[in-house]
Amino acid sequence: MHFTRRFLAVTAAGALTLGAATACSTERESPGTGLGAAADCDGPQAQALRRQYADTWRKAGEAIGLQGLSPRRSQVCEIDTARFAKKRPGGGYRIAFAAQGPTNAWALTNEEAFKYRARQRGAKVLYASANGDVNRQVDNVQQLVAQRPDALVVVPMGDAITGQVRAAAGQGIPVVVCAGRLGEGSGAVSTVTRDYELQGTLWAEWIARRIGGQGKIAMLSGIAGVPTAELPKAQAEKIFATKYPGIQVVAKQNTDWSATKSKTVAAQLLARHPDLKAIWSDSAITDLGVYEAYSQAGRPVPPVTGDVTNAFLKAVRGENVPFALSAFPPEQSMRCLDVALDALAGRPVPSQVNVDSAVFTDRRIDQYARPECSDDLAVPSALPADLLKRLKLC
């Protein structure tokens, strides 16, 4: 997935510094681990983490005119990582990184940001690329764990790797799930990602408001089976079904996060459903294909949603294309590394980190478009200029 800005500051380097586990900490299962890690889910630090988590929902909604958004459930706990604390004499920690693979610009940026942060923190990266294949990632995790890394960070291609992640955790290796999510019982100590339910909610609620809760819409998602595609879609489907009976979802299709494929899909939609009021999408790459299909047909582009790419913003700048975008920043991988290193230092870490990011509509396109940079740039970007230049992004 093309899968920056600001991140929830919950590590030692952030705005909210966590001390030792609070006295009221109890041995309980942390969400998503299933290994009974020592988790404080009730103390003041855990409550602060939940407030901070919920605040990302509130701010994101307000950015596009949706007041009062809040997560239905935000069971964020403080995880005691004292059992992972270790020192590695004569060198930095060895961090295994089970990556998606540089299959697109987002994934390449995600991986390069991780390696950049590792150099900053003096960590050695043991890297394995899944090349977009969940079965290959299963093998990758096994091979990485066999090298006995100090910690494992995994960008999951799907739930098929859960068993391997659980096995790694059972060997005392702290695992951070990055830019994705695994189901209950994975054994991960922390999950660091942009909240999928937040993304799906933002896009669904904005569309519902934009079309007055009435009319036909289509839903376009990325790669079937990948959490980044499936979970926001599931949330949006639930919202449309339970809150907006006047909205008819007449088509649901996958675009594989390909502008070429989405253009073909959009052209077919236009022929079959010329009266679409909006298109719910999880990707600005998809939106680019929609824009091209509608423009070539001489038809106005319906309201669209998605994450953010510079290609889409450059293409529609100055055009009358209504949109609401919420970034899924590739450099969240840096935050994933920080959490892994915190665990190895024995510092408490949050069970979930909701990565904060830019949320905006077409009214603010000039603030975010980077005409001087590559189409492949995920905007806004928090990466340093030298890295952007090396990656030929800006």
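This is a predicted model: local features need pLDDT of at least 70, side-chain atom pairs count only at pLDDT 80 or more; totals for chains, interfaces and linings use all residues.

**Entry 1: one phenylalanine.** Leaving out residues up to four places away in sequence, I found Phe360 touching Ile64, Val308, Leu313, Phe323, Ala324, Leu325 and Tyr368. I also noted that Phe360 belongs to one aromatic cluster with Phe312, Phe323 and Tyr368.

**Entry 2: the cores.** Next I looked up the largest nonpolar core, which has 42 residues. Phe360 turned up again here, listed with Val290, Phe312, Leu313 and Phe323 as the residues with the most contacts inside this core. Several elements supply at least two residues each, among them α2 (105–121), β9 (215–221), α7 (259–272) and α8 (284–296). Which element gives the most to this core? I found that α8 does, with six residues. Then I came across a second, separate core of 33 residues, including Phe97, Ala99, Val176 and Val349.

Phe97 is in strand β4 (residues 94–99) and Tyr127 in strand β5 (residues 124–129), so the pair ties together parts that are 30 residues apart in sequence. Buried or exposed? I checked: Phe97 is buried, with a relative accessible area of 0%, whereas Tyr127 is partly exposed, at 32%.

My other pick was Tyr196 with Phe328. Here the ring centres are 5.9 Å apart and the planes are at 15°, so this pair is stacked; planes under 30 degrees apart count that way. Tyr196 lies in helix α5 (residues 196–210), and Phe328 lies in the loop between β13 and α10 (332–344), so this pair ties together parts that are 132 residues apart in sequence. Tyr196 is buried, with a relative accessible area of 1%, and Phe328 is buried too, at 4%.

Entry 3: Last, I looked up the second largest pocket and got a volume of about 180 Å³. Of its 13 lining residues, Ala105, Ile285, Thr309, Asp375 and Asp376 are the closest to its centre. I sorted the lining into eight nonpolar, three polar and two charged residues.

Key:
Residues are numbered from 1 along each chain as its sequence is written. Side-chain values use heavy atoms; hydrogens and water are left out. A nonpolar core is a set of buried Ala, Val, Leu, Ile, Met, Phe, Trp, Tyr and Cys residues joined through side-chain atoms within 4.5 Å. Buried means under 20% relative accessible area, exposed over 50%, partly exposed in between (1.4 Å probe, protein chains only). Helices (H or I, at least four residues) and strands (E, at least two) are DSSP runs, numbered from the N terminus. Contact means heavy atoms within 4.5 Å. On a 1 Å grid over the protein atoms alone, a cavity is a set of points where a 1.4 Å probe fits but cannot get out, and a pocket is an open set with protein on both sides within 12 Å along at least five of seven lines; lining residues have an atom within 4 Å of a point. Grid points are joined across faces, edges and corners, and a volume is the space filled by probe spheres set on the points. Ala, Val, Leu, Ile, Met, Phe, Trp, Tyr, Cys and Pro count as nonpolar, Asp, Glu, Lys and Arg as charged, and the others, Gly among them, as polar. Rings of Phe, Tyr and Trp (its six-membered ring) pair if their centres lie within 6.5 Å; planes under 30 degrees apart count as stacked, over 60 as edge-to-face and the rest as tilted.
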